[in-house]
Amino acid sequence: MTTRGDTLHAPGALQGTDPGQPPTRLPLVVHVLALGTFLMGTTEFVVAGLLPEIAGDVQISVAQAGLLITVFAVGMIVGAPLMAMLTLRLPRRLTLILALAVFAAGHVIVAVGSSFSLLLAARFLTALATGAFWAVANVVAARAAGPASSSRALGVVGAGAMLANVVGVPLGAFAGQVMGWRGPFWALAALGAAAMVLIARHVPHDEASHAAVSIRSELSALRSGRMWLVLAACATTTGGVLSTYSYISPLLTDRAGLASGLVPLVLAGFGVGALAGFLVGGRLGDHRPHTTTIAAAATTTILLLALCLLSRSAAPTIILVALLGLFGLGANPVLISLGVRFAGQAPTLGSALTVSAFNLGTAVGSWFAGLALESPLRATGPAAVGAAIAALTLIPTIAIALTQRRRSAVVMPDPVPDTSAL
């Protein structure tokens with residue numbers, strides 16, 4: 001019988017290639033899944049650019065409208081592992097299609113809804129679908145690419161979300177200004193429906209791989225110490241970067257002296273850096289995963305400390321923000337790949353837990369950063385908090401590397417004695 005873990009690591013399961021040799025080109029399905037994460041990333045952050053319009057239309061304050069972002073984050077934290085367990089016995093292709101169907105329906109509800117409570121419920125529902133899609137998409141992409149290119153494939157899938165920050169969110173905000181804030185939600189609903197067709201066409205059937213799946217085997221991932229180290233690294237690496245990014249505007253305008261109209265360009269620079277970081281980090285992670293995660297954490301800490309010290313000058317600040325996107329999120333696809341690997345026979349739950357950890361780190365880090373913004377540190381407070389959180393990433397990443405080295409030394413076979421002279 002075959003379990004989810006077995007199908008993930010089946011050599012050349014979808015390509016018929018040697019798993020030790022990375023393919024020159026990733027399977028098309030990886031790029032189709034990246035399109036899905038592009039939609040997920042766009043819907044997660046597009047609300048930030050539409051808050052005043054939403055608040056005015058629904059007759060609430062902008063602060064209350066901000067709950068649409070908060071409830072989505074909570075839905076992602078809870079939804080990824082919950083939906084991974086609820087869809088345990090479903091074929092992955094069906095899970096992806098159903099997630100996109102719920103995604104599209106949630107956006108239609110937001111587009112036609114007039115009650116703020118209904119909007120919150122629809123956003124939470126959409127977040128559940130997003131968590132389910134992301135968790136399963138990571139596993140499907142890793143399986144399609146094979147063990148030798150799993151980090152690279154996950155980098156491409158994650159790059160879809162990073163591209164959302166560069167293209168999707170700005171376009172959504174612009175469309176909201178032209179068409180009204182409901183227009184982007186109609187567009188996302190239509191794109192979600194179109195993505196269902198692509199998923200149905202390009203993601204292979206895998207019904208047979210679910211015959212022996214059980215909740216007990218999935219929960220076995222929770223017994224892995226290395227899995228918990230990966231989750232800790234996921235939370236701190238993202239928490240350190242996005243706690244700073246969430247409050248980057250006051251740093252750019254109040255301290256660096258940039259005009260508010262230039263802030264979107266700086267944020268676009270961060271998005272381009274993050275997109276490149278996912279792609280480069282994914283490639284490096286296939287060959288040197290532990291070096292990549294440790295180097296990214298150390299470099300991110302240095303960049304955030306430099307941001308605290310040099311933020312009175314506009315030019316260095318702009319460069320540092322772009323580099324923060326490049327290095328700060330570059331280790332994420334490697335961490336997802338390690339999470340899926342260390343989960344053993346529960347790759348979907350492992351992937352889902354990394355998604356939850358990323359969002360939990362963002363939520364907690366942003367909360368501490370908000371407190372720091374009101375402290376005597378003022379605009380540099382979030383960057384100082386981010387540097388402290390990013391430095392903590394070195395603990396689990398170094399521990400993972402040391403643990404892996406010890407395990408490799410233990411399983412290394414003794415040299416075979418030469419008996420030819422006997």
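# Helical packing and exposed aromatic residues

Trp367 is exposed, as its relative accessible area is 53%. The classes used here are buried (under 20% relative accessible area), exposed (over 50%) and partly exposed (in between), with a 1.4 Å probe and protein chains only as cover. The model is predicted, so that local features require pLDDT of at least 70 and side-chain atom pairs count only at pLDDT 80 or more, whereas totals for chains, interfaces and linings use all residues. Residues are numbered from 1 along each chain as its sequence is written, and side-chain values use heavy atoms, with hydrogens and water left out.

## Overall organisation

The chain contains 19 helices and 0 strands; helices (H or I, at least four residues) and strands (E, at least two) are DSSP runs numbered from the N terminus. Of its 422 residues, 54% count as buried. The accessible surface of the chain amounts to about 17800 Å², and 69% of it belongs to carbon and sulfur atoms. These areas come from the Shrake-Rupley method with a 1.4 Å probe, and for residues only the protein chains shown count as cover. Of the contacts (heavy atoms within 4.5 Å) between residues at least 6 apart in sequence, 85% join residues at least 24 apart.

## Aromatic pairs and a nonpolar patch

The structure holds 3 aromatic pairs. Such a pair requires ring centres of Phe, Tyr or Trp (its six-membered ring) within 6.5 Å; planes under 30 degrees apart count as stacked, over 60 as edge-to-face, and the rest as tilted. The pair of Tyr245 and Phe270 is stacked, because the ring centres are 4.2 Å apart and the planes stand at 25 degrees. This pair links distant parts of the chain, with Tyr245 in helix 11 (residues 225–246) and Phe270 in helix 13 (residues 263–287), 25 residues apart. Tyr245 counts as partly exposed, at 22% relative accessibility, whereas Phe270 counts as buried at 2%.

Trp367 and Phe368 form another aromatic pair, which is edge-to-face, with 4.9 Å from centre to centre and 65 degrees between the planes. Phe368 is partly exposed, with a relative accessible area of 41%. Together with Leu360, Val364 and Leu371, Trp367 and Phe368 make a nonpolar surface patch of about 500 Å². Patches are made of residues with over 30% relative accessible area and no salt bridge; like charges are joined within 9 Å, and nonpolar side chains (Val, Leu, Ile, Met, Phe, Trp, Tyr) within 5 Å. Leu360 has its place in helix 17 (residues 347–373) and counts as partly exposed at 44% relative accessibility.

The structure holds 1 salt bridge, defined as a side-chain nitrogen of Lys or Arg within 4 Å of a carboxyl oxygen of Asp or Glu. The side chains of Arg182 and Asp57 meet in this bridge at 3.0 Å, N to O. The pair links distant parts of the chain: Arg182 belongs to helix 9 and Asp57 to helix 3 (residues 51–58), 125 residues apart. Asp57 is partly exposed, with a relative accessible area of 40%.

Which residues of helix 3 are buried? They are Leu51, Ile54, Ala55 and Val58. These residues lie on the same side of helix 3, because they cover an arc of only 100 degrees around the axis, where the arc is that of the directions from the helix axis to the C-beta atoms. In an α-helix there are 3.6 residues a turn, so residues three or four places apart point the same way. The buried residues of helix 3 pack against helix 4 (62–65), helix 5 (67–86) and helix 7 (116–145). Helix 3 is followed by Gln59, whose phi is positive, near 65 degrees.

| Residue | Relative accessible area |
|---|---|
| Thr95 | 3% |
| Gly183 | 10% |
| Gly192 | 0% |

Thr95 is placed in helix 6 (residues 92–112). Residues up to four places away in sequence aside, Thr95 touches Thr87, Leu90 and Val136.

Gly183 lies in helix 9 (residues 182–202). The C-alpha atoms of Gly183 and Ala173, which are 10 residues apart along the chain, are separated by 9.9 Å. Gly192 also lies in helix 9. Gly192 and Ile97 are 95 residues apart in sequence, and their C-alpha atoms are 9.5 Å apart in space. Not counting residues up to four places away in sequence, Gly192 touches Leu39, Leu100 and Phe103.
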